[in-house]
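Me: Please take a close look at a single part of this model. Then set that part against the rest of the chain, with the cut-offs given as you go.

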Amino acid sequence: MIRQLDAFHSHSSNTLVAPSLRALTAGALALAAVCLVAPARLHANYLFWEDFQGYTSFPDEIPDNDPVNKGLPLQSEGADAYWYGGRFEPADGGTINSDLAVQKYGGGSNPGHTGRFEDEAGLLFQINTELYIDVTLGFQWRTFLADSADRLRVGFHVGELNFGSDRFQDFNADFGSNWWATDWTEVFSTGPSNSWHTVTRPLPAGESSVWVALWMDGEELDYAKIDNIYVKGSQVIPEPGSIVLAAIGAAMFGVVALRRRFGKSPIGNDR
């Protein structure tokens, strides 16, 4: 009777267990293949945001009856983002910092706080888009006391910029007035308007350093205002390698366990 049971066990292992092991092995390989070729997932993300609403102090009036907080927007004073200041063409006078401000009232249809700049100066920020596609810059703008020849200019620069020990750079003094035209990609340029407008423009994806600049190509006391500035993209998240390895390991562990239990090769009968 024992010999008959052993014979049945051996027959069952040959006809049932080996195909099951083969199926499990094939399943593990198929799972690994699916994980390895599965498309990356996309998640919409904000890489940058600023609306200046965190500001609470506006001790200055420039010009009269326009409450402002003079100087570069600072996180310590209420800014959401980390800003830099730059100048792109010869100025009428003063420092870069003196030509920047956060204004309490945007005016027109915007009663909130806004960023402001004048006299060939502007605001810059840096982002990393290495893990993103479909990167978009968005902002709102208007001008104030601007002449017909003044231009609000917006563009990006791919690569590093050296601001030295502070957060200001006179690009005109260092590189000349043509630097904007030769080393930047201008995505927006417009003449004056007392109304608020909304703009969106694409930015380069897959770059470790992208600088965005918004500045006023105009004279002293010719102002541009900006608000609700953002950069948004779809983040590419590859399927984690650890998940793939775990799936393969778990499947192969099951194969080995069954092999030890029945004493058979996972590919078929032992020879």
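Reply: Thr129 has a relative accessible area of 0%, so it is buried (buried means under 20% relative accessible area, exposed over 50%, partly exposed in between, with a 1.4 Å probe and protein chains only). This is a predicted model, in which local features need pLDDT of at least 70 and side-chain atom pairs count only at pLDDT 80 or more, while totals for chains, interfaces and linings use all residues. Residues are numbered from 1 along each chain as its sequence is written, and side-chain values use heavy atoms, with hydrogens and water left out.

The loop that holds Thr129 runs between β7 (121-127) and β8 (132-144); helices (H or I, at least four residues) and strands (E, at least two) are DSSP runs numbered from the N terminus. With neighbours within four places in sequence left aside, Thr129 is in contact with Leu47, Val135, Pro204, Ala205, Gly206, Glu207 and Val210, where contact means heavy atoms within 4.5 Å.

The structure holds 3 salt bridges, each a side-chain nitrogen of Lys or Arg within 4 Å of a carboxyl oxygen of Asp or Glu. In one of them the side chains of Asp99 and Arg87 meet at 2.9 Å, N to O. This pair links distant parts of the chain, 12 residues apart: Arg87 is in strand β4, and Asp99 is in the loop between β4 (84-87) and β5 (100-103). Asp99 is buried because its relative accessible area is 2%, and Arg87 is buried at 3%.

Another salt bridge joins the side chains of Glu186 and Arg153 (3.1 Å, N to O). Glu186 lies in strand β11 (residues 185-190) and Arg153 in strand β9 (residues 151-158), so this pair ties together parts 33 residues apart in sequence. Glu186 is partly exposed, with a relative accessible area of 35%, whereas Arg153 counts as buried at 19%.

Arg153 also forms a salt bridge with Asp217, with the closest N and O atoms 2.9 Å apart. Asp217 is in strand β13 (residues 210-217), so its pairing with Arg153 in β9 ties together parts that are 64 residues apart in sequence. Arg153 and Asp217 are both buried.

For the whole, the chain has 4 helices and 14 strands, and 43% of its 271 residues count as buried. Among contacts with a separation of 6 or more, 83% are between residues 24 or more positions apart. The chain exposes about 14,000 Å², of which carbon and sulfur atoms supply 54%; accessible areas come from the Shrake-Rupley method with a 1.4 Å probe, and for residues only the protein chains shown count as cover.
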